[in-house]
Amino acid sequence: MTLSNKLSDPRLFRQYAYVDGKWTHGDGNREEAVFDPATGEALGHIPWLEPHQITGAVDAAEAAFVHWRALRADERCERLLAWYDLLQAHREDLATLMTLEQGKPLPDARGEVEYGASFVRWFAEEGKRTFGETIPSHIPNAALGTLKEPVGIAALITPWNFPLAMITRKAAAAMAAGCTVIVKPAGETPFSALALAELAERAGIPAGVFNVVLGEPAEVSKLLCFDDRVKALSFTGSTRVGRLLLEQCANTVKRVSLELGGNAPFIVGPDMDPKEAAFAAVAAKFQTAGQDCLAADRILVHESIHDDFVAYFAERMAALTVGNGLEGEIDLGPLIHRQAVEKAAAIVDDAISKGATLVAGDQSQAPGENFFMPVLLTGVTRDMKLWHEESFAPVAGITAYEDDDQVIEMANDTEYGLAAYLYTHDIRRIWKALRALEFGMVSVNSVKMTGPPVPFGGVKHSGLGREGGVTGIDEYLETKYYCLGALGSVSGS
Ligand SMILES: NC(=O)c1ccc[n+]([C@@H]2O[C@H](COP(=O)([O-])OP(=O)(O)OC[C@H]3O[C@@H](n4cnc5c(N)ncnc54)[C@H](O)[C@@H]3O)[C@@H](O)[C@H]2O)c1
Ligand SMILES: N[C@@H](CC=O)C(=O)O
């Protein structure tokens, strides 16, 4: 059965790039196969565009910008809301596509479609609220103020772990602001991006406003970063590639937003019920099979409840089901590819060789070559890779701590600063930790922390800027100051 036969609307499965409202082949006949990580089967192929075709996408976005920015904000809102409605209407197909190319269980994929669509609705509305200011004038007979204007063309480069929501969180903000966009999705998961393009077209988003380019990642990114007509780059992905792109954008002095890696601490206070905290930690660790920038990577538990916590964690972890996300009640799908499995195994081996205890995680039970069974390690210490690197895998590491000052210092001992979790009901402990934790987001007694109203983003090497929330649209807006002089009698306004 081919992929399109699994969809009720087969036209959502596209194997072309989408530029200037046209489905596009690569002129050089280069292409890339896309695999189902659960089965290893090829799902289809995507073309790689040639450099002149990437430049052509910038030409198209430049031409479309003239008209798109000139629309009234409420007109852009209408088109974005039509896109939102189509995402909702096709959520089952979008979820199926996502599970096939990314591997996450179907209920999680449905959740991501909802999540991704919610950003479109949010920014459709926010576009109507990009207010400027009036400034009390210090210049006689003048009126001062600001206007908000779209920055121009935005290049959006996105990862494979959230193939739809990482695009809409950027694209909807940029498009609502009046920008045109060129999306470069991850080669592992292009089909969700292309389905978004198909639905954007049906929603009446004009040609050239939403483009999806495909190609060799370093080549495409360089062309977009070096092109002076591209005014903003928004990237979600690894810190390694983020640093590279930041450098590449320096020459053209672009607006750069970076959503990079995380290495979240999950702190459990001595006052917590160990069962409640352990169950929450399992949820925070194993979301998206651990391939999540918010995954709880370092679980720091007060020594007084450590042993009970470990027992409950192991019990809960043992109940997790691992398998093909399209089949039955599955908690964890495959990892994205074999290299991810090898990296996870190396991180586990490194920890064990340095003294960690393997409590659970028998890889002989893995249902396929891209699967990695959940692992629980205790006695994790700072010299281990598991402490410093994002494992991006279902590997949980637990460390005991003695007091509040020590655990804050441990939590901050990372180059990353995306998200931290804190479980305690002691308000003084909460307040102290909230202020001391060097992370862009701190979630207290809640695994879920994201959504459209939230300013999502990190500090330190986890990124620059914020996505979502009331400030997310600012990444795509310039502030233009004006001074209207010689007005006669307006002094004092
Ligand atoms: N902070 C966030 O909001 C957030 C969200 C999701 C994922 N992430 C991070 O993303 C990473 C996982 O995603 P990934 O493996 O796709 O990341 P990645 O950095 O390898 O790839 C991200 C994107 O960059 C492209 N790319 C890869 N190499 C490139 C190069 N040399 N030059 C230019 N572009 C290149 C890829 O094709 C892809 O489109 C993790 O580090 C995760 O924490 C962060
Ligand atoms: N779960 C994150 C994506 C990180 O990988 C989000 O909600 O943005």
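This is a predicted model: local features need pLDDT of at least 70, side-chain atom pairs count only at pLDDT 80 or more; totals for chains, interfaces and linings use all residues.

User: What does UniProt place at 23–481?

Analyst: An unreviewed UniProt entry places the feature "domain: Aldehyde dehydrogenase" at those residues.

User: OK, ligand 1. Which residues come nearest?

Analyst: T158, K184, S238, L260 and E390 come nearest, out of 29 residues around ligand 1.

User: Which polar side chains contact its oxygen atoms?

Analyst: S238 has a polar side-chain atom 2.6 Å from an oxygen of ligand 1. For E390, an N or O atom of the side chain is 2.4 Å from an oxygen atom of the ligand.

User: And a nitrogen of ligand 1, what is that next to?

Analyst: The side chain of S221, with an N or O atom 3.1 Å from a nitrogen atom of ligand 1.

User: How much of ligand 1 does the protein bury?

Analyst: The protein buries 88% of the 840 Å² that ligand 1 exposes when taken alone.

User: Which elements give two or more residues to its shell?

Analyst: Helix 5 (165–177), helix 7 (217–226), strand 10 (230–236) and helix 8 (239–248). By residue class, the shell around ligand 1 has 17 nonpolar, 8 polar and 4 charged residues.

User: Why is ligand 1 said to lie between the domains?

Analyst: Because domain 1 (3–260 + 462–480) and domain 2 (264–444) both give residues to its shell.

User: Switching to ligand 2. What surrounds it?

Analyst: Y115, N161, F162, M166, R169, D292, C293, L294, T450 and F456. That shell divides into 6 nonpolar, 2 polar and 2 charged residues.

User: Where do the polar side chains touch ligand 2?

Analyst: Y115 places a polar side-chain atom 2.6 Å from an oxygen atom of ligand 2. The side chain of R169 has an N or O atom 2.9 Å from an oxygen of the ligand. On the nitrogen side, D292 has a side-chain N or O atom 3.0 Å from a nitrogen atom of ligand 2.

Definitions and conventions: Residues are numbered from 1 along each chain as its sequence is written. Chains are lettered from A and ligands numbered from 1 in the order in which they are written. Side-chain values use heavy atoms; hydrogens and water are left out. A residue is near a molecule or strand if one of its heavy atoms lies within 4 Å of it. A polar contact is a pair of N or O atoms within 3.5 Å; within protein, one must be able to donate a hydrogen and the other to accept it, and residues adjacent in sequence count only if both atoms are side-chain atoms. Ala, Val, Leu, Ile, Met, Phe, Trp, Tyr, Cys and Pro count as nonpolar, Asp, Glu, Lys and Arg as charged, and the others, Gly among them, as polar. Accessible areas come from the Shrake-Rupley method with a 1.4 Å probe; for residues, only the protein chains shown count as cover. Helices (H or I, at least four residues) and strands (E, at least two) are DSSP runs, numbered from the N terminus. Domain bounds come from an automatic or database domain assignment. UniProt positions are given in the numbering used here, feature names are shortened, and annotations may be inferred rather than shown by experiment.
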